[in-house]
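Take a look at the model before reading on.

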Amino acid sequence: MEDLQLALILATISPAIGGVLIRGEKGTAKSTAVRALTEILPPVDVVPGCRFSCDPAAPASDCPDGPHVAPEAVSRAARLVELPVGATEDRVLGSLHLEKALAEGITAYEPGLLAAAHRGLLYVDEVNLLHDHLVDVLLDAAAMGRATVERDGVSVTHPARFVLVGTMNPEEGELRPQLLDRFGLTVDVVASRDPAVRVEVMRARLSYEADPAAFVIRYDGPQRELAERIVKARDLLSEVILTDSALRQIAEICASFDVDGMRADLVTARTAVAHAAWSGRTVVEVEDVRAAAKLALPHRRRRNPFDAPGMDEDQLEQAIQDSTPPPPDPEDDPDGGPDNGGPGGGADPSNSGDGADPADPRDGADPADSGDGSTADRSDGSDAPSDPTGPDLPRNSTDPEPADADTNRPGRPTPVGEVVGSSEPYKARLLSVQAAGAGVAGRRSRAITEVGRVVGDRARVGRESGRPHLLATIRAAAPHQHARGRRSFGAEARGLVVRGGDVRLSVREGREGNLVLFCVDASGSMGTKRRMGEVKTAIVSLLLDAYQRRDTVGLVTFAGAEATVALPPTGSVETAVRRLESLPTGGRTPLAEGLMQAAEVLRIAAIRDPRRRPLLVLVTDGRATHGEKAFARAKQAAGWLAQRGIATVVVDCEPRRGVRLGLAGELATDLGAEYLDLGDVAAGNLVRAVTERKAA
């Protein structure tokens with residue numbers, strides 16, 4: 001919590017830092033801390049009556065409520081605006097004032113949440129669940145510092161500079177890299193495992209619930225002191241000196257972590273300056289750079305979408321030590337001459353700011369080993385190649401299997417319980433497919449959704465909410481004006497008379513997300529290490545595609561005597577990859593049990609989210625070996641799934657060499673499924689086949 005409090009305070013001292021992302025498990029007071037921030041923020045001076053909170057000292061020239069000539073100043077409390085996950089784009093950006101347009105015949109702009117958040121805080125709880133179209137709106141506003149609305153006859157641009165604060169539970173999925181990079185700082189919050197700390201938390205909460213007013217009075221003094229300290233730090237901010245040596249140190253640290261772009265360097269520099277002001281210093285020291293790097297770099301060192309954000313503190317200390325110039329040797333500089341590192345020829349405080357307690361070198365901390373996590377941090381036990389020129393393509397199954405290193409026999413079957421890792425995933429080919437009905441907003445298939453381009457209109461059912469289609473509503477109301485008492489259509493005419501039955505809602509075509517459920521055969525019949533490795537590589541590649549297109553994924557595995565839900569349907573593709581990589585193989589093949597378990601998962605998912613279309617991906621060789629009449633029971637389960645119209649792709653993992661039973665192909669016929677042979681498709685082809693199947 002100390003890091004969380006520090007990050008929020010630094011972002012309020014210097015809004016140019018760019019906001020804070022708070023990642024943590026449920027029940028760790030993330031939202032409570034953010035909402036409490038408004039109690040310690042200094043008040044804001046605004047122009048009276050301005051809906052866009054213009055600063056009286058420098059009002060925006062393009063303010064829609066302007067121009068403001070010699071405006072007065074009114075002080076109000078700092079504003080925290082919450083952006084709900086289910087908000088519409090009109091509510092966020094603002095839109096045409098429908099009542100005035102219909103009743104008075106005038107075009108008026110109604111500001112949205114971005115206008116309300118200007119010069120304040122914009123808070124998004126569960127920001128990782130935010131719809132992509134709202135993410136794009138936030139990205140544009142955060143990059144430009146203003147919001148632009150061009151729709152329904154409205155053309156408005158207004159300032160929208162705010163501190164973006166988001167909270168999220170990583171178990172529910174990570175953020176898009178573009179939005180993740182927009183957050184200046186990030187903090188990982190976990191509940192304390194110290195019983196004494198947990199007892200204090202419970203006492204404080206129970207005390208507040210017993211008497212909220214007395215609880216607030218008890219902490220009024222410390223809270224006032226904190227607010228005054230923030231004001232002093234803001235006033236001191238412009239006086240803080242960022243020396244050339246400190247800039248050099250920041251650049252070397254960012255380079256050592258191999259971050260993309262220059263935003264990391266800029267954010268770290270601004271955070272170091274804010275930390276120095278918070279600490280009451282006028283010169284940035286090593287301590288400030290260290291604190292800034294710990295908050296600004298963890299989420300910027302991901303090499304691929306499945307890397308978890310994090311910071312290797314040993315690597316950070318090594319980078320700080322390597323980038324800190326040694327103190328001048330008195331023998332080389334007996335007169336104590338000026339140091340070239342700082343401005344004005346003075347000694348550079350960053351050279352000695354941490355000199356009383358220098359960081360000890362970490363044994364074995366080779367910067368080349370700590371790297372970016374793309375290959376050196378691999379924890380799945382795989383023998384994946386690290387050729388920087390690109391990933392190795394899967395071999396055709398007609399190629400000879402490699403000889404086993406231990407037995408010198410080709411293609412040794414995988415022992416029971418052994419974990420086989422995947423190779424480097426392949427980039428999925430982006431395809432556009434036709435939709436077969438309405439779905440939830442996503443990036444996979446064409447569908448009628450709540451967002452997207454307008455392709456028509458429809459009548460409103462009852463008091464149904466939705467985005468009205470203005471022109472269609474006017475067309476529906478126009479023929480009834482005479483009957484409704486509107487006799488004049490000149491300059492003196494009253495507004496259009498609109499009834500509830502006239503309202504038409506927009507029909508929009510966008511992209512939908514799908515539920516991709518993998519049902520994976522993890523039994524010993526899957527054969528060699530290489531074959532199981534190819535299977536995992538193909539699935540990981542499809543999971544990467546699902547991550548990029550914001551699909552929901554699930555994982556069912558079957559081996560031995562039972563089927564297991566390794567991962568219920570979730571938006572956290574990263575969790576699916578981790579579960580898949582740690583999946584052991586071996587034992588008999590309970591194929592029927594696997595299919596029925598998959599059917600049960602899809603049944604529950606349809607109840608919870610009926611608009612998300614499922615796709616079942618069955619990966620097996622079809623050799624059912626568990627129980628009596630194992631294959632007959634599997635065929636019966638397949639027929640049951642086919643009757644329910646579940647779209648399915650069967651990937652046959654049976655080796656091409658030797659006797660082929662063709663059981664997976666027979667099973668695909670019973671399922672009414674698309675049939676694919678693993679030896680005929682690379683990972684990209686598997687993704688393409690699954691995507692095209694969604695058009696059916």
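In what order do the six strands of the open sheet stand? The order is β18-β17-β16-β20-β21-β22, and the pairing is mixed. Note that this is a predicted model.

The edges come next. β18 and β22 (674-677) each have a single partner strand, so one side of each is left without a neighbour in the sheet. On average, neighbouring strands of this sheet are turned by 15 degrees against each other, direction ignored.

| Pair | Sense | Bridges | Residues standing opposite |
|---|---|---|---|
| β16 (residues 515-521) and β17 | parallel | seven bridges | Cys 519 and Val 556 |
| β17 and β18 (residues 562-570) | antiparallel | six bridges | Phe 558 and Ala 563 |
| β21 (residues 648-652) and β22 | parallel | four bridges | Val 650 and Tyr 675 |

Two helices pack on the sheet. Helix α20 (residues 591-608) touches β16, β17, β18 and β20 (614-620). The direction of α20 makes about 165 degrees with that of β16. Helix α22 (residues 663-671) touches β20, β21 and β22. The direction of α22 makes about 175 degrees with that of β21.

Note on methods: Residues are numbered from 1 along each chain as its sequence is written. This is a predicted model: local features need pLDDT of at least 70, side-chain atom pairs count only at pLDDT 80 or more; totals for chains, interfaces and linings use all residues. Side-chain values use heavy atoms; hydrogens and water are left out. Two strands pair if DSSP finds at least two bridges between them. Axes are lines fitted to C-alpha atoms, for helices over the stretch in contact, and angles run from 0 to 180 degrees between N-to-C directions. Contact means heavy atoms within 4.5 Å.
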